[in-house]
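Have a look at the structure first, and then read on.

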Amino acid sequence: GDKTADELLIAGRGYANQLEGIVKGINNSQVVQEINKIISYLHRIFNHIAEKPEKARKVRRMVNFYLPSVVKILDSYEDMENQSISSENISSAMGKIERSLPEITKAIEKQLDSLFMDEAMDISTDLTVLERLLSADGLSDKDSLNNKNNNRTI
């Protein structure tokens, strides 16, 4: 229902689908593993945005700038890997991509994690309040232990 979120979801899922196509043409198992992690993180990100469209702005930069570059780079990697010749330039470019891929994966994982930061802070705050209320009412085991230790006479 949110136009901005819908547009980002369509574009983002399109990039994830492109990566799914690219990964099928790559033979390097480490590269395949990294791309599959990226795809998994992207699906989780976009599923979360579908549930909470108000968070779409948090992934706008990733969808509009980072993902097109990632798709382009990995598409080039697939093309280079499938060349019938092996040159120094091709090997060098492929090596750079292979070394950069874990960093790209980590960045997308951080993007996913940042979507849950607000919820984690809300849960932490709720738990702290609940623990204090339970303690104030004498319903916490922690409180019972503290009171027993404080009531001991030496």
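## Nonpolar surface and core

Leu127 belongs to helix α5, which spans residues 117-136; helices here are DSSP runs of H or I with at least four residues, numbered from the N terminus. The model is predicted, so local features need pLDDT of at least 70 and side-chain atom pairs count only at pLDDT 80 or more, while totals for chains, interfaces and linings use all residues. Numbering starts from 1 along each chain as its sequence is written, and side-chain values use heavy atoms, without hydrogens and water.

Leu115 is in contact (heavy atoms within 4.5 Å) with Ile45, His48, Ile49, Lys55, Lys58 and Val59, leaving aside neighbours within four places in sequence. Val59 is 56 residues from Leu115 in sequence, yet their C-alpha atoms are 8.7 Å apart.

Now to the inside. The largest nonpolar core has 34 residues, and Leu19, Ile35, Leu42 and Ile45 have the most contacts within it; such a core is a set of buried Ala, Val, Leu, Ile, Met, Phe, Trp, Tyr and Cys residues joined through side-chain atoms within 4.5 Å. Two or more residues come from each of α1 (3-24), α2 (29-51), α3 (60-81) and α4 (88-115), with α2 giving the most, nine residues. Beyond its neighbours within four places in sequence, Ile35 is in contact with Leu19, Val23, Ile26, Leu74 and Leu101.

How values were computed: Buried < 20%, exposed > 50% of the residue type's maximum accessible area, 1.4 Å probe, protein only.
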